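Subject: Structure handover

Hello,

Here is the structure you are taking over. Please open it first, then read the notes below it.

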Amino acid sequence: MAGPGPLSYSSYRTYLECPLRWKYLYIERRPELPRGYFTFGRVVHSVLEELVRPLVVPAARRRDGPETQTTLRDWADPSAAEGAPARRPPVGPEELLRLYDEHWSSEGYVSRDEEERYRALGRELLLRYRERLALEPPSPVAVEEHLEATWEGLPVHGYVDRIDQTPDGGLEVVDYKTTRELSADDAASSEQLSVYQVLVEKNYRAPVERLTLLHLRSLTPLRAAPRGARTLESLHQRMGEVADGIREEAYEPTPGRHCLRCDFRGICPEFRPIPTEEGPRLAALVDRFDALRADERRLERELSQTAGELHRAAEELGLHRVPGSRAVAVRRKEVAWQYPLEVVRPILERSGADARLSADSAEDVRRLLRDPAVPGEVRRKLAATGSRQVRWFWELEDADPAAR
Ligand code: SF4
């Protein structure tokens with residue numbers, strides 16, 4: 001069995017979306033067609049790396065660094081105001097545009113027009129960002145840093161766009177985004193930032209204080225607090241499951257909307273072409289299946305309407321058994337109790353009782369209600385959250401031939 005190797009965020013996402021596409025990319029190393037927006041993002045990232053690198057204080061504060069570490073404070077420029085760090089200012093606008101031209105690549109754009117639009121956007125976005133850097137220089141301790149870590153037994157790695165020192169001596173993880181739209185929710189829910197948080201925490205001594213998506217089109221930093229233990233635990237579990245799938249060589253195709261932008265449709269078994277001679281026969285079977293499915297939906301609607309009418313009539317007349325010409329319809333009642341778990345769980349947590357008192361289903365709550373070991377007060381509160389659900393349904397019994 002193949003060892004999965006360290007898992008990156010993008011490898012994890014790819015596997016989650018479609019394990020077979022992961023295999024094509026990461027095992028068989030099949031190339032994908034270049035796409036303009038990816039090329040654009042790559043070029044902008046490279047130029048930003050060069051733009052920000054002069055501001056970097058050498059990799060201070062690494063866990064594997066020497067005990068006497070250099071910090072931003074130690075890098076004071078003798079010619080600058082006392083305590084100011086000795087950092088070179090970012091390059092000027094002409095130099096920046098020269099760098100941009102050097103890095104530019106025409107790969108993947110669908111037309112000359114599209115390429116020019118992206119190129120102009122990049123120029124504008126980088127010049128504005130340079131101005132912002134000159135006015136409010138960040139305190140980066142690393143740019144485009146490759147980090148590796150073993151996270152509770154799971155090897156992970158990734159390239160972090162930038163790590164800044166915060167005024168409180170903590171660290172801010174910054175990820176550049178060239179996308180059109182981005183919101184604060186994206187920063188709060190980004191799993192990519194969560195993985196970076198783990199990588200930085202495992203490699204640096206200072207704590208991660210902020211996770212930031214830097215929206216380059218608007219120069220807006222979208223900041224979120226570092227993830228808590230519970231969020232990281234559940235991400236670790238999902239990533240662990242992906243690593244298990246890779247170790248077990250589970251590469252099932254998982255089709256979906258993402259297939260529209262998959263370059264491997266031509267070789268994917270999900271999209272294997274039908275042999276010409278089999279086409280008409282299989283098409284007829286599909287049409288028949290489709291027609292039967294439509295009948296099934298129509299019959300289900302009719303069945304539900306008829307049962308409803310029968311129920312209303314039986315209610316009016318107080319009946320439970322209604323004979324037909326071939327069978328007797330018998331009305332049955334099913335009672336179920338519902339307990340909203342979002343209300344139940346805080347009651348159990350606040351009760352301070354041991355871990356045995358947990359509930360993942362209505363059946364668990366019913367068990368707790370019957371358990372004499374559960375304090376009476378807790379049982380009363382749990383019982384008060386319940387609501388009784390009644391469902392009526394009909395069953396058919398053979399009619400008694402003698403009664404016909
Ligand atoms: S076409 Fe769809 S199912 Fe096939 S490999 Fe690509 S993403 Fe997976």
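Two residues are in contact here when they have heavy atoms within 4.5 Å. By that rule, and leaving aside its neighbours within four places in sequence, P226 is in contact with Q197, V208, E209, R210 and L211. Please keep in mind that this is a predicted model.

More on P226. It is placed in the loop between β5 and α8. P226 counts as partly exposed because its relative accessibility is 30%, and partly exposed covers the range between under 20% (buried) and over 50% (exposed). P226 and E172 are 54 residues apart in sequence. Their C-alpha atoms are 9.2 Å apart in space.

Now the overall picture. The protein chain has 404 residues, and buried residues make up 35% of them. It holds twelve helices and eight strands. Take the contacts in the chain with a separation of 6 or more: residues 24 or more positions apart account for 68% of them.

Next, the ligand. Which residues are around it? They are C18, R21, Y24, P253, T254, P255, H258, C259, C262, R265, C268 and F271. By type, this shell divides into eight nonpolar, two polar and two charged residues. The ligand takes up the space of the largest cavity.

On to the cores. In soluble globular proteins, nonpolar side chains tend to be buried together. Here, the largest nonpolar core has 37 residues. W151, I163, V173, V200, Y204 and M239 have the most contacts inside it. Which elements give two or more residues to this core? They are the helices α1, α7 and α8, along with the strands β1 (140-151), β2, β3 (171-177), β4 (208-215) and β5 (220-224).

Helix α1 deserves a look of its own. It covers residues 9-17. Y9, S11, Y12, T14 and Y15 are buried there. What do the buried residues of α1 pack against? Their partners are α2 (19-27), β2 (154-165), α7 (191-203) and α8 (229-247).

Is V242 buried or exposed? V242 counts as buried, because its relative accessibility is 2% and the cut-off for buried is under 20%. Not counting residues up to four places away in sequence, V242 touches L7, Y12, Y15 and L16. Of these, Y12 and Y15 are listed among the buried residues of α1. V242 and T14 are 228 residues apart along the chain. Their C-alpha atoms are separated by 9.9 Å.

Last, two backbone points to check. R29 is not a glycine, yet it has a positive phi of about 55°. R29 is placed in the loop between α2 and α3 (36-52). At 63% relative accessibility, R29 counts as exposed. L219 also has a positive phi, near 55°, and is a residue other than glycine. L219 lies in the loop between β4 and β5. With a relative accessible area of 9%, L219 is buried.

That is the handover.

Best wishes

Technical notes:
Residues are numbered from 1 along each chain as its sequence is written. This is a predicted model: local features need pLDDT of at least 70, side-chain atom pairs count only at pLDDT 80 or more; totals for chains, interfaces and linings use all residues. Side-chain values use heavy atoms; hydrogens and water are left out. A residue is near a molecule or strand if one of its heavy atoms lies within 4 Å of it. On a 1 Å grid over the protein atoms alone, a cavity is a set of points where a 1.4 Å probe fits but cannot get out, and a pocket is an open set with protein on both sides within 12 Å along at least five of seven lines; lining residues have an atom within 4 Å of a point. A molecule sits in a cavity or pocket if more than half of its atoms lie within 2 Å of its grid points. Ala, Val, Leu, Ile, Met, Phe, Trp, Tyr, Cys and Pro count as nonpolar, Asp, Glu, Lys and Arg as charged, and the others, Gly among them, as polar. Buried means under 20% relative accessible area, exposed over 50%, partly exposed in between (1.4 Å probe, protein chains only). Helices (H or I, at least four residues) and strands (E, at least two) are DSSP runs, numbered from the N terminus. A nonpolar core is a set of buried Ala, Val, Leu, Ile, Met, Phe, Trp, Tyr and Cys residues joined through side-chain atoms within 4.5 Å.
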